[in-house]
Amino acid sequence: RRLERDLRHAVNNDQLELHYQPLVDCAHLTVTGCEALLRWHHPERGPISPCTFIPLAEECGLIMQLGEWVLRTACRETASWPDDKIVAVNLSPIQFRQSDLADQILGILAETGLAPHRLELEITEGVLIEDTERVLATLKALKAHGIRISLDDFGTGYSSLSYLHRFPFDKIKIDRSFIWAMEENSDSMSIVRAVIALGRSLRITVTAEGVETPTQLAWLQAEDCDQAQGYLLGKPMSRADIATLWANAQ
Ligand code: G
Ligand code: G
Ligand code: NA
Ligand code: MN
């Protein structure tokens with residue numbers, strides 16, 4: 001519970017920071033935007049992974065406040081980027097329990113001046129299982145304002161393909177486990193190829209996660225995958241490093 005108390009303190013005292021990882025267009029290798037990733041530098045314990053503290057925040061309810069901080073900070077920081085660059089923000093399934101989530105997000109866009117089409121929300125398959133009517137209504141309200149919705153870690157959860165036409169996704173992110181297995185395992189390659197084809201026929205952008213090798217990238221390019229993300233193309237970087245990236249790309 002010590003960690004919980006420290007996290008609460010961190011949220012209230014700006015001890016958190018967002019890093020940004022490039023999302024790259026496969027065909028042209030241009031950076032279309034970035035995914036915001038939360039970082040916590042604990043004063044005594046050093047960096048703590050979101051894999052540790054996000055589940056904790058979800059358990060103790062702090063995720064609402066934390067999630068709002070992430071959205072506000074990401075939108076504020078992105079508003080000063082070149083205006084063709086978008087930001088993708090991860091949402092926890094728990095955040096959908098707030099009945100005013102859509103209003104909260106629209107309020108943050110108005111306050112920070114970020115155009116709605118520059119915000120993409122990443123949700124996981126877990127969101128689609130709970131209270132689907134409410135989730136659907138929230139996603140439709142956000143989409144009606146031009147915000148994009150992305151299905152994260154596709155292929156790892158329990159979702160059925162019927163979700164792909166029930167929910168208004170703009171993007172599917174193929175989980176990195178499939179990308180990593182591609183080189184040794186032809187079944188994984190077939191799955192990735194099938195998801196790319198599915199995305200194309202449903203007019204949903206497909207992003208491959210966790211791209212680490214030139215071989216993976218070359219294959220994704222040959223298969224006409226839309227976008228890629230991974231250490232080969234760019235690691236999560238500080239806000240200052242992202243500003244440098246934009247300056248150098250000019
Ligand atoms: O950045 P890293 O690989 O350490 O992230 C680990 C996990 O934490 C990933 O599953 C990622 O989606 C999640 N994560 C990172 N930042 C956020 C955030 O701002 N909100 C939520 N809900 N999850 C995040
Ligand atoms: O669950 P989600 O896809 O949001 O997780 C994002 C996390 O994945 C980020 O915290 C980032 O650090 C990590 N990540 C991104 N690209 C790579 C990669 O190429 N290799 C590995 N090992 N992790 C990655
Ligand atoms: Na994500
Ligand atoms: Mn992901």
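Predicted model: local features only at pLDDT ≥ 70, side-chain atom pairs only at ≥ 80, totals over all residues.

Visitor: Okay, so at what angle do α1 and α2 pack?

Guide: Helix α1, residues 2-12, packs on α2 at about 90 degrees, and the two axes are 10 Å apart. Angles of 65 to 115 degrees count as roughly perpendicular, so α1 is roughly perpendicular to α2.

Visitor: Which residues of α1 and α2 meet there?

Guide: From α1 you have Leu3, Glu4 and Leu7, and they meet Phe53, Leu56, Ala57 and Cys60 of α2. By class, that contact has six nonpolar residues, no polar ones and one charged.

Visitor: Let me zoom out. How many helices and strands does the protein chain have?

Guide: Ten helices and nine strands. The radius of gyration is 18 Å, close to the 18 Å that the globule rule gives for 250 residues, so the chain is as compact as a globular protein of that length. Along its principal axes, the C-alpha trace spans about 50 × 45 × 35 Å.

Visitor: Back to helices, then. How do α3 and α4 cross?

Guide: The axes of α3 (residues 63-78) and α4 come within 9 Å and cross at roughly 30 degrees. Angles under 35 degrees count as roughly parallel, so that's what α3 and α4 are to each other. The crossing of α3 past α4 is right-handed.

Visitor: And what's in that contact between α3 and α4?

Guide: On the α3 side there are Glu68, Leu71, Arg72, Cys75 and Arg76; on the α4 side, Gln104, Ile105, Ile108, Leu109 and Thr112. Those split into five nonpolar, two polar and three charged residues.

Visitor: What about α4 and α5, at what angle do they cross?

Guide: Roughly 25 degrees, with the axes of α4 (residues 101-112) and α5 (residues 132-144) coming within 9 Å. With that angle, α4 and α5 are therefore roughly parallel to each other. The crossing of α4 past α5 is right-handed. Leu101, Ala102 and Ile105 of α4 make the contact with Thr138, Ala141 and Leu142 of α5. Here the classes come out as five nonpolar, one polar and no charged.

Visitor: Switching topic: which residues surround ligand 1?

Guide: The shell is Leu37, Leu38, Ser49, Pro50, Cys51, Ile54, Val70, Asn90, Leu91, Ser92 and Pro236. The elements giving two or more residues to that shell are β2 (31-42) and α2 (50-60).

Visitor: Which element gives the most to the shell around ligand 1?

Guide: That would be α2, with three residues. It's also the helix that α1 packs against at about 90 degrees. By class, the ligand 1 shell has eight nonpolar, three polar and no charged residues.

Technical notes:
Residues numbered from 1 in each chain as written. Chains lettered and ligands numbered in written order. Axes fitted to C-alpha atoms, helices over the stretch in contact; angles between N-to-C directions. Helix = DSSP H or I, 4+ residues; strand = E, 2+ residues; numbered from the N terminus. Parallel < 35°, antiparallel > 145°, perpendicular 65-115°, else oblique. Left-handed = near helix turned anticlockwise from the far one by under 90°. Contact = placed C-beta atoms within 7 Å. Nonpolar A, V, L, I, M, F, W, Y, C, P; charged D, E, K, R; others polar. Near = placed C-beta within 6 Å. Rg over C-alpha atoms; globule rule 2.2 N^0.38 Å.
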